[in-house]
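Please look over the sequence and the model before reading on.

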Amino acid sequence: MGVDFFNSEGYADPTAHDAITEVTKPLKRGFMPLVYICSRYAADEDHSVEENVADAIRYSQFAVEQGCIPLASHLLYPQILPDDDPEGRKLGLFFGKVWLDIAREIWIFSDGGYGSYSEGMKAEYKRAVQKGYKIRCFTEDLKEV
C-alpha cells in the first residue's frame with residue numbers, strides 16, 4: 001500500500017489518506033464543464049415562484065446527471081438579496097452575469113421558445129449570443145430541442 005499523504009510531522013498517515021481519497025472520489029471524474037442554468041424565476045400566470053424554483057433545482061440535477069457542474073444564480077441570490085427591491089434585483093442580476101461569463105455554455109429551459117422567456121432569461125440569452133457561448137435549449141421535460 002503506497003501512502004501519499006503525510007501528517008504535519010512528516011509521518012505517513014494512511015487513515016487520512018483513505019478518508020481524503022474517499023471524499024474526493026466524485027472530484028476525480030475528469031473534466032466537468034460549468035453550465036449556466038437559465039430558467040424562469042418570477043411567477044407568471046402558469047407557475048408560482050416556488051414551482052419555478054423546484055424546476056430550476058430539477059434542471060440543475062439534470063445537468064449533474066449529464067456530467068456537468070450547474071450554475072443557477074436564481075437559486076442562490078433571491079435568498080440573500082431581496083428580489084422585490086430594485087437595487088437587490090439589480091445586484092443579483094449582475095452576480096448572475098459574472099457566473100454566466102465563467103460558464104462554458106448556457107442551458108435554457110422553456111417550453112415556449114424565445115417568446116416565452118422572462119426578461120431575465122432574454123437578457124441572459126442575449127449575453128450568451130453576444131459572447132459566442134454554446135447555447136443548448138431544453139423543454140421543461142428535459143428534452144433537447
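The text below goes from the overall fold to one helix and then to a pair of helices.

**Overall fold**

The model is predicted. The protein contains five helices and four strands, and along the sequence these follow the pattern α-β-α-β-α-α-β-α-β. Of the 145 residues in the protein, 32% are buried. Taking contacts between residues at least 6 apart in sequence, 59% join residues at least 24 apart. The accessible surface of the protein is about 9,200 Å², and carbon and sulfur atoms account for 56% of that area.

**Helix α2**

Helix α2 covers residues 49-65; at 1.5 Å a residue, its 17 residues should span 24 Å, and the end C-alpha atoms are 24 Å apart, in agreement with this value. The buried residues in α2 are Asn52, Asp55, Ala56, Tyr59, Ser60, Phe62 and Ala63. They lie on the same side of α2, because the arc they cover around the axis is only 155°. Glu50 and Glu65, on the other side of α2, are exposed.

What do the buried residues of α2 pack against? Their partners include both strands and a helix, as the table shows.

| Element packed against by the buried residues of α2 | Residues |
|---|---|
| β1 | 34-38 |
| β2 | 69-71 |
| α3 | 73-80 |
| β3 | 105-109 |
| β4 | 134-138 |

Ile57 is also placed in helix α2. Is Ile57 buried, exposed or partly exposed? Its relative accessibility is 39%, so Ile57 counts as partly exposed, since buried means under 20% and exposed means over 50%. Ile57 and Ile37 are separated by 20 residues in sequence, and their C-alpha atoms are 9.6 Å apart in space. Just after α2, Gly67 has a positive phi of about 85°.

**Helices α4 and α5**

Two packed helices are described by the angle between their axes and the distance between the axes. For helix α4 (residues 86-102) and helix α5 (residues 119-131), the angle is about 35° and the axes are 11 Å apart. The crossing of α4 and α5 is right-handed. Which residues meet where α4 and α5 pack? From α4, Lys97, Leu100 and Asp101 take part, and they meet Glu124, Arg127, Ala128 and Lys131 of α5.

Conventions:
Residues numbered from 1 in each chain as written. Predicted model: local features only at pLDDT ≥ 70, side-chain atom pairs only at ≥ 80, totals over all residues. Heavy atoms only, no water. Helix = DSSP H or I, 4+ residues; strand = E, 2+ residues; numbered from the N terminus. Expected span 1.5 Å × (residues − 1). Buried < 20%, exposed > 50% of the residue type's maximum accessible area, 1.4 Å probe, protein only. Arc of directions from axis to C-beta. Contact = heavy atoms within 4.5 Å. Areas by Shrake-Rupley, 256 points an atom, 1.4 Å probe, with all protein chains shown as cover. Axes fitted to C-alpha atoms, helices over the stretch in contact; angles between N-to-C directions. Left-handed = near helix turned anticlockwise from the far one by under 90°.
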